[in-house]
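This report is meant for a reader who is meeting the structure for the first time. It turns to the place where two chains meet, and then to one of those chains taken by itself.

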Amino acid sequence: MSDPIYQTEKLIAEDIDAYLDQHQHKSMLRFITCGSVDDGKSTLIGRLLYDSKMIFEDQLASLENDSKKVGTQGQDIDFALLVDGLAAEREQGITIDVAYRFFATEKRKYIVADTPGHEQYTRNMVTGASTADLAIILIDARKGILTQTRRHSYLAHLIGIKNIVLAVNKMDLINYDQTQFDQITADYRIFADHLGIKDFTAIPLSGLKGDNITSHSDNMPWYEGAALIDHLDAIKITDDETNSEKFRMPVQWVNRPNLDFRGFSGQIAGGSIKSGDLVRILPSGKTSKIDKIVTMDGDLSKAIAGQSVTITLQDEVDCSRGDFIVSADNPPEVADQFEATIVWMAEDAMLPGRAYAMKIGTQMVSASVQQPKYQINVNSHEHIAAKTLELNTIGVCELSTDKQIIFESYADNPSMGGFILIDRITNATVAAGMLHFALRRSQNVHWQAIDINREGHAALKNQKPKTLWFTGLSGSGKSTIANLVEKKLHALGKHTYLLDGDNVRHGLNKDLGFTDKDRIENIRRIAEVARLMTDAGLIILTAFISPFRAERQMARNLMQEGEFIEIHVNTPLEIAEARDIKGLYKKARSGELKNFTGIDSPYEEPQNAEITVDTTTMSAEEAAEHIVTHLLGQGHDNG
Amino acid sequence: MGQLTHLQRLEAESIHILREVAAEAEKPVMLYSVGKDSAVMLHLAKKAFYPSPPPFPLLHVDTTWKFQEMYKLREKAAQDAGMELLVYQNPEAKEKGINPFDHGSLHTDMWKTEGLKQALDTYGFDTAFGGARRDEEKSRAKERVFSFRSANHRWDPKNQRPELWNLYNSRKSAGESIRVFPISNWTELDIWQYIHLENIEIVPLYLSEKRPTITRDGMLLMVDDERFPLKDGETPEMRSIRFRTLGCYPLTGAVESEAKTLPEVIQEMLLTTTSERQGRAIDHDQAASMEKKKQEGYF
């Protein structure tokens, strides 16, 4: 049997230059180990360091000493002591933070993020996972899949780690039993499928005894896969960012040693670049060509994602820190309202609406986060209603920034969609976030100048255009009232159009379902259509639940000042539910219908609606009359 | 990023960190100790800002007890980089004649720990680069890249900011300062390999040569100048030695070696079984000594 460590040592002794050449060309793999205190995580890492000769004799001596003093392995070496660092936690016998360890094999250099498995330390695991290419999920073979296994797997998946190793540890304690290993693997596969983890590799091992760590264990002849280290050495790290056509570089620092040189420095966040490539500067939109890629060792012909470079452009263009240099024909999006997953990391809970500093790449902006659409239970992965996010909780929220930022969704490119939030008073990093998508696209769309303008359209109809935005619970009577209002306006000679669920869902929005993303898009399209129709001079009536303030605000922002009339059709839940004309509440209560507003999805009441009608005290006819009177009386429609 | 080697990835990460500080800090400085880690850090700074010189000065917190060859390289390295070199010596330690022979750990406390605090306060630096690495010692494995210090320079291991992706939060209140470690993720082997590859100038003491030595308390010490008080029966003896780490010469143990080239040094390092900090007397006091020193403000 050829022992790889022995081989390496031989090479070092006999031909150091050959060894250095080998070491120089190693790639790097960063991984995170997740497991609870009892899963033997520290022992496994200690074993990896020990077996790859990363422990020196003096460390070993102090390890042996410590093992006898505070170790848990009797007279044997307690590998865990090798990696448990700070004095406080050494006394408590637990790891309390993220620690980074290093070891190398013949093929790779490894950086291990060691994070605790404690309930309250979601923060640490997300931190450690943010830079990891791979996650090792540790399981105690005696216990199988536990709540924390689910939690760790969910977090690793959330942060976008595509390579998962299920390390079924302590096989020595179950007599290296294949049946139990197979059962655990099968259980995990069901769970992984449910979570959306496409693939994982299960390895039976013992960190304490060294089985299947660096070489195949004789204790488990039934296991046909690779030992842990062989697997880590061989795995291909998916490389979306490097392979992408989309060149992205956030400008970090402008290099200006003299008047003749103007370079832009940054770490490439996606794609590659070479001299002569056509690029666009964002947000200005100006284009130029790459002149040189400058380094101290001479100009480079090409640079790829991950490299820190300084580039010069062929033209004099304005560009400073926070700007981006990107592929000219394939630029990222620019927007100021987003949906994002947020991991809250501070003792003080999130305050919806408060302005936090947001750092994304080299952009620093002010961002306010809305009340969460829902919080995610990291153990069961269920969506739960929440008014805020507390320490170590995760939620999906909408946020808006004070100026437009350049971004891509985190799923497409983590370097372009990952951000942190900073408390402006304490300066603490309070949250990490991952952008999903923009709620309102604001790319560089140039408006077509039109000779007949909106005033012209409205003047011909002799009316002032308006959007009457009806909002309220399902069954509150929105459609009925809106229909009556349109009739009355029509009778008054007004040019109107009623947008309701059916006429929109059957055509324009027939590609949309009822996920949150689709709901937001549904409302966005309706708002845009309403905007165009007001430009055409019409009075628009919309009748949709539109449960979230953020979307109604978005619609309002699209309209001209004074043209958006929010009408709250106020019906208490119990009354709407008692009516239950379409039988939907019944279905929602029985669980047949998910995400139903008022039942398991919140309805955010308007705070400053222009008109509120209370359907418990007035009939639909009275409500419609009230609205029309209000419009006329308020001078909303005196044209 | 699979197309890059581990050294290229480490280099890119370090350069990113150096530039973030240059862009965001008000008054940064690079702590320069003339050792091999400082040499690599300085080299990375030159690369990060080329063709400009690094936009901050070098600061050496001097104890007056460094090896003569270190002082020589110090001046030259700063000049080559086109950077201003600031040298700070704690006036109180100077006045009291604090030295490693008579004052034990007080020597490190006053010259280094106190000296560093005084220097940062005197010049008003808000951010200081240091060449510490996570693989050096257990408590350093948990150190952040951006490490926050209170107004009195204390480090609180329980109150550090989470660091995600490559997003560093450098905001701070008045009086607070940040220590930034751009080579956190480099190992001793990476450092040596990079010095070799990039042909970085280092103090010749890292390579073996015949030098005057004595053995004391199990340590092999070099008699670097006439201030070394010899005890009865001690006569300097020429031995072929080199150093794995450099500090104050009376506190830095040498190893006997024939390694005269960098590859030979690396070869010896990989085949020996004594870890790097073993040569420094400072760590031997107690198990968690480094962590304690760090909380007090030692780098």
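## Charged and polar pairs between the chains

In this predicted model, the rule finds eight salt bridges across the interface of chain A and chain B. In one of the salt bridges, B:Glu13 is paired with A:Arg30, and the closest N and O atoms of the two residues lie 3.3 Å apart. Polar contact across the interface of chain A and chain B involves 32 residue pairs, counted where both residues are at pLDDT 80 or more.

On the side of chain A that touches chain B, helix α2 (residues 16-24) of chain A gives the most, contributing six residues. Sorted by class, that side of chain A holds 40 nonpolar, 29 polar and 20 charged residues.

## Extent of the interface

The size of an interface is often expressed as the accessible area that is lost when the parts come together. For chain A and chain B, the area buried between them is about 6900 Å², and carbon and sulfur atoms give 57% of that area. The contact draws 89 residues from chain A and 72 residues from chain B.

## Chain B on its own terms

Chain B contains nine helices and 10 strands, and of its 299 residues, 64% are buried. Among the contacts in chain B that link residues at least 6 apart in sequence, 72% join residues that are at least 24 apart.

As for its surface, chain B exposes about 11100 Å², of which carbon and sulfur atoms supply 48%.

Key:
Residues are numbered from 1 along each chain as its sequence is written. Chains are lettered from A and ligands numbered from 1 in the order in which they are written. This is a predicted model: local features need pLDDT of at least 70, side-chain atom pairs count only at pLDDT 80 or more; totals for chains, interfaces and linings use all residues. Side-chain values use heavy atoms; hydrogens and water are left out. Contact means heavy atoms within 4.5 Å. Buried area is the accessible area (1.4 Å probe) that two parts lose on being put together, summed over both. A salt bridge is a side-chain nitrogen of Lys or Arg within 4 Å of a carboxyl oxygen of Asp or Glu. A polar contact is a pair of N or O atoms within 3.5 Å; within protein, one must be able to donate a hydrogen and the other to accept it, and residues adjacent in sequence count only if both atoms are side-chain atoms. Helices (H or I, at least four residues) and strands (E, at least two) are DSSP runs, numbered from the N terminus. Ala, Val, Leu, Ile, Met, Phe, Trp, Tyr, Cys and Pro count as nonpolar, Asp, Glu, Lys and Arg as charged, and the others, Gly among them, as polar. Buried means under 20% relative accessible area, exposed over 50%, partly exposed in between (1.4 Å probe, protein chains only). Accessible areas come from the Shrake-Rupley method with a 1.4 Å probe; for residues, only the protein chains shown count as cover.
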